[in-house]
Amino acid sequence: ATWLNEASSQGFVSRQEIVSAVPVAVLSVQPGHRVLDMCASPGSKTLQALELVSGCGADGTIDEGAVVANELAAHRSHVLA
């Protein structure tokens with residue numbers, strides 16, 4: 001698992017718990033959508049949504065969306081910086 005820790009620290013891969021992946025999948029986030037993540041820390045849902053909102057639409061045109069990340073708990077919000 002050393003290669004996984006190294007790849008994670010270098011930003012090549014990111015790990016995410018299943019419970020964090022579910023909201024973005026259930027909401028069917030698509031290119032062009034605007035997403036407000038009110039419980040954003042540590043950021044895996046936010047990154048997943050960001051990857052989905054920026055991309056090509058069904059007609060092949062670039063359709064950029066937006067993601068706003070917010071974290072109410074101050075002791076968790078430093079992870080987003």
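Entry 1. I looked up Glu71 and found it buried, at a relative accessible area of 15%; buried means under 20% relative accessible area, exposed over 50%, and partly exposed in between, with a 1.4 Å probe and protein chains only. This is a predicted model, in which local features need pLDDT of at least 70 and side-chain atom pairs count only at pLDDT 80 or more, while totals for chains, interfaces and linings use all residues. Residues are numbered from 1 along each chain as its sequence is written, and side-chain values use heavy atoms, with hydrogens and water left out.

Entry 2. I placed Glu71 in the loop between strand E4 (66-69) and helix H4 (74-77). Helices (H or I, at least four residues) and strands (E, at least two) are DSSP runs, numbered from the N terminus.

Entry 3. Which backbone nitrogens does the side chain of Glu71 reach? I noted that of Ser41 at 2.9 Å and that of Ala40 at 3.3 Å. I then listed the contacts (heavy atoms within 4.5 Å) of Glu71, leaving aside neighbours within four places in sequence: Met38, Cys39, Ala40, Ser41, Arg76, Ser77 and Leu80.

Entry 4. I turned to Ser41, in the loop between E1 and H3. Ser41 is buried, with a relative accessible area of 4%. With neighbours within four places in sequence left aside, Ser41 is in contact with Glu71, Arg76, Ser77, Val79 and Leu80.

Entry 5. I checked the peptide bond that joins Ser41 and Pro42, and it is cis, with omega about 10°. Pro42 lies in the loop between strand E1 (34-37) and helix H3 (44-53). Most peptide bonds are trans, and most residues other than glycine have a negative phi.

Entry 6. I looked for positive phi and noted Ser28, a residue other than glycine, with phi near 55°. Ser28 is in the loop between helix H2 (18-26) and E1. Its relative accessibility is 42%, so I put Ser28 down as partly exposed.

Entry 7. How do H2 and H3 pack? I read an angle of about 35°, with the axes 9 Å apart. Axes are lines fitted to C-alpha atoms, for helices over the stretch in contact, and angles run from 0 to 180 degrees between N-to-C directions. The contact is made by Ser20, Ala21, Pro23 and Val24 of H2 and by Ser44, Lys45, Gln48, Ala49 and Leu52 of H3.

Terms used. Polar contact = N/O pair within 3.5 Å; in protein donor to acceptor, adjacent residues only side chain to side chain.
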